[in-house]
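Reader: Could you take me closely through how the aromatic rings and the helices pack in this model, and explain the reasoning behind each label you use?

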Amino acid sequence: MFKIICVTNRQLCSDLKERARELHNAGISVILREKDLSGAEYERLAREIIEVCPDVILHTYRDTAKRMGVKKIHLPFSMMNENVKDDFETVGVSVHSPEEALKAQEMGADYVIAGHIFVTDCKKGLEPRGLEYLRETVKAVSIPVYAIGGISPENVSLTQETGAAGACVMSGFMRCESVEKYLAEIQQNLLKK
């Protein structure tokens with residue numbers, strides 16, 4: 001089944017805790033990405049989010065996750081190493097090439113997020129890597145590969161066609177009026193294929 005994941009950006013929604021609750025209730029995995037916060041600020045936010053989304057995946061703040069007993073972490077490629085699996089049950093890694101994906105897999109990653117696939121405001125001015133890159137990354141590894149970057153209901157099926165295990169959405173879920181309606185739009189487009 002093609003999995004949809006939300007990567008957070010609290011700057012894009014008025015109430016991240018409420019949005020996380022909606023996402024959790026809709027069965028969407030949530031990665032708490034707020035990388036601009038200090039460790040203490042991130043921990044406070046993570047504790048709030050865990051109240052409504054207990055299976056949240058923490059991002060980047062490895063020590064915070066360990067201290068809190070959270071067993072799921074997502075890391076930038078530069079932070080991945082063989083020892084991460086000692087502390088976490090699930091480890092995801094952001095990658096930007098098939099070679100990075102393979103290296104992350106060799107170091108024990110359970111999944112990778114490959115991006116950015118389409119034009120996105122999050123990476124203004126940077127050329128997207130595109131669908132062929134995603135296809136090559138999927139072929140390079142045996143672990144799940146999730147697409148990220150400019151994913152919308154209109155183009156999500158294109159990522160599905162590459163063999164990706166799913167797609168990550170930030171802006172759409174952060175800005176939409178209704179998580180359930182937005183998810184239904186995505187799923188409707190997936191069912192066409």
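Author: A crossing of two helices is called right-handed if the near helix is turned clockwise from the far one by less than a right angle, and left-handed if it is turned anticlockwise. In this predicted model, helix α5 passes helix α6 in a right-handed crossing. The axes of α5, which spans residues 98-106, and α6, which spans residues 130-140, come within 8 Å and cross at roughly 30°. Angles under 35 degrees count as roughly parallel, and α5 and α6 are therefore described as roughly parallel to each other. On the α5 side the contact is made by P98, A101 and L102, which meet Y133, E136, T137 and A140 of α6.

A search of the whole structure finds three aromatic pairs. One of them joins Y42 and Y61, whose rings lie 4.0 Å apart from centre to centre with 20° between the planes, and this pair is stacked. Because Y42 belongs to helix α2 (residues 39-52) and Y61 to the loop between β3 (57-59) and α3 (62-68), the pair ties together parts that are 19 residues apart in sequence. Residues under 20% relative accessible area count as buried, so Y42, at 0% relative accessibility, is buried, and Y61, at 13%, is buried as well.

Another pair is formed by F173 and Y182, with ring centres 5.3 Å apart and planes at 70°, so this pair is edge-to-face. The cut-off for that label is an angle of over 60 degrees between the planes, whereas planes under 30 degrees apart count as stacked. F173 has a relative accessible area of 0% and is therefore buried, and Y182, with a relative accessible area of 12%, is buried too.

Notes: Residues are numbered from 1 along each chain as its sequence is written. This is a predicted model: local features need pLDDT of at least 70, side-chain atom pairs count only at pLDDT 80 or more; totals for chains, interfaces and linings use all residues. Side-chain values use heavy atoms; hydrogens and water are left out. Rings of Phe, Tyr and Trp (its six-membered ring) pair if their centres lie within 6.5 Å; planes under 30 degrees apart count as stacked, over 60 as edge-to-face and the rest as tilted. Helices (H or I, at least four residues) and strands (E, at least two) are DSSP runs, numbered from the N terminus. Buried means under 20% relative accessible area, exposed over 50%, partly exposed in between (1.4 Å probe, protein chains only). Axes are lines fitted to C-alpha atoms, for helices over the stretch in contact, and angles run from 0 to 180 degrees between N-to-C directions. Angles under 35 degrees count as roughly parallel, over 145 as roughly antiparallel, 65 to 115 as roughly perpendicular and the rest as oblique. Contact means heavy atoms within 4.5 Å.
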